[in-house]
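Thank you all for making the time this morning. Please bring up the sequence and the model, and I will take you through a few places in it.

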Amino acid sequence: MSEILRVENLKKSYDGFVAVNGVSFGVAKGELKALIGPNGAGKSTCFNMLTGQHRPTEGEVFLDGENITGRKTRDVWRKGVGRTFQITGTYQSMTVIENVQMALMSHHRKLFSMMPRAWKLYRDEAFEFLDTVAMADQADRPCSVLAYGDLKRLELAIALTHRPRLLLMDEPTAGMAPSARIELMQLVADIVKDQGVSVLFTEHDMDVVFAHAHHIMVLNRGELIADGSVTEVRNNPQVQEVYLGG
Ligand code: ADP
Ligand code: MG
């Protein structure tokens with residue numbers, strides 16, 4: 001299977017403190033891969049270097065073979081690297097489908113001055129994305145009344161409007177009940193399978209990781225100590241020692 005993402009010797013230091021130390025890995029096309037590790041291991045720092053938020057101190061990032069190291073966030077986004085994000089206060093006053101329509105306008109690079117026409121233009125398309133995350137029945141509800149898990153699914157729909165080739169999800173299930181976590185990641189797994197998009201996610205809940213990830217990487221103090229199948233990682237003595245607590 002060919003790779004959508006390749007990372008070579010990625011390093012990030014902050015005033016001498018090394019947060020990520022020479023990390024190399026790949027993400028295959030159509031893969032759902034987990035990046036796990038204790039708090040402070042460097043997971044978010046890695047993500048920030050992949051999406052252009054932070055410039056790596058050293059190392060290189062390739063997207064489908066193209067070197068995108070140090071590119072700006074917007075550039076990386078346009079090249080097809082998506083990231084789930086929290087919905088802001090502004091969007092709370094809008095309905096579910098309006099949020100998706102706004103995202104579609106941005107994707108199609110339409111100006112907000114076109115809004116009245118665009119609303120009509122993108123409503124059908126927006127419904128398709130809501131269907132994908134099983135939220136079509138909530139299209140006209142204001143976001144302010146949504147349950148937390150539904151907001152998370154809406155975030156996912158919004159991220160998908162940009163047709164990412166690679167979607168990065170940093171702790172997508174944080175703050176959710178265990179059963180809701182499994183459900184959300186089941187939905188992500190279905191999208192990976194149906195649409196061929198690749199997903200790299202971080203997650204603290206091992207049940208979620210073991211249930212859904214195709215491959216798992218383990219980061220500890222800025223270093224990658226394992227990268228393999230669920231079985232390989234579970235049985236890795238170093239992982240058991242530093243991460244799973246023996
Ligand atoms: P994780 O997401 O795995 O919990 P982070 O990537 O957030 O870990 O952080 C890794 C380490 O880098 C932590 O020790 C954190 O304090 C440090 N760090 C992260 N961002 C900065 C920053 N902007 N300046 C200084 N240190 C940082
Ligand atoms: Mg983090």
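This is a predicted model: local features need pLDDT of at least 70, side-chain atom pairs count only at pLDDT 80 or more; totals for chains, interfaces and linings use all residues.

How do the residues of the shell around ligand 1 divide into nonpolar, polar and charged? They divide into 4 nonpolar, 6 polar and 1 charged, where Ala, Val, Leu, Ile, Met, Phe, Trp, Tyr, Cys and Pro count as nonpolar, Asp, Glu, Lys and Arg as charged, and the others, Gly among them, as polar.

Residues are numbered from 1 along each chain as its sequence is written, and chains are lettered from A and ligands numbered from 1 in the order in which they are written.

Back at the ligand, the residues around ligand 1 include Tyr-14, Phe-17, Lys-43, Ser-44 and Thr-45, a residue being near if its C-beta atom, placed from the backbone, lies within 6 Å of the molecule. Strand β2 (17-28) and helix α1 (43-50) each supply at least two residues of that shell, and the largest share, 3 residues, comes from α1; helices here are DSSP runs of H or I with at least four residues, strands are runs of E with at least two, and both are numbered from the N terminus.

Let me turn to helix α4, residues 96-107, whose end C-alpha atoms are 17 Å apart, in agreement with the 16 Å that its 12 residues should span at 1.5 Å a residue, the expected span being 1.5 Å times one less than the number of residues. Within α4 lies Ala-103, which is buried, with 21 other C-beta atoms within 10 Å; buried means 20 or more such atoms within 10 Å of the residue's own C-beta, exposed means 12 or fewer, and partly exposed is in between, with C-beta atoms placed from the backbone. Leaving aside neighbours within four places in sequence, Ala-103 is in contact with Ile-158 and Thr-161, contact meaning that the two C-beta atoms, placed from the backbone, lie within 7 Å.

My last stop is helix α7, where Arg-181, Leu-184, Met-185 and Val-188 are buried. They cover an arc of only 90° around the axis, which puts them on the same side of α7, the arc being that of the directions from the helix axis to the C-beta atoms. The buried residues of α7 pack against β3 (32-36), α6 (148-160), β8 (198-202) and α8 (206-212), whereas the face turned away from the buried side carries the exposed residues Ser-179, Lys-193 and Asp-194.
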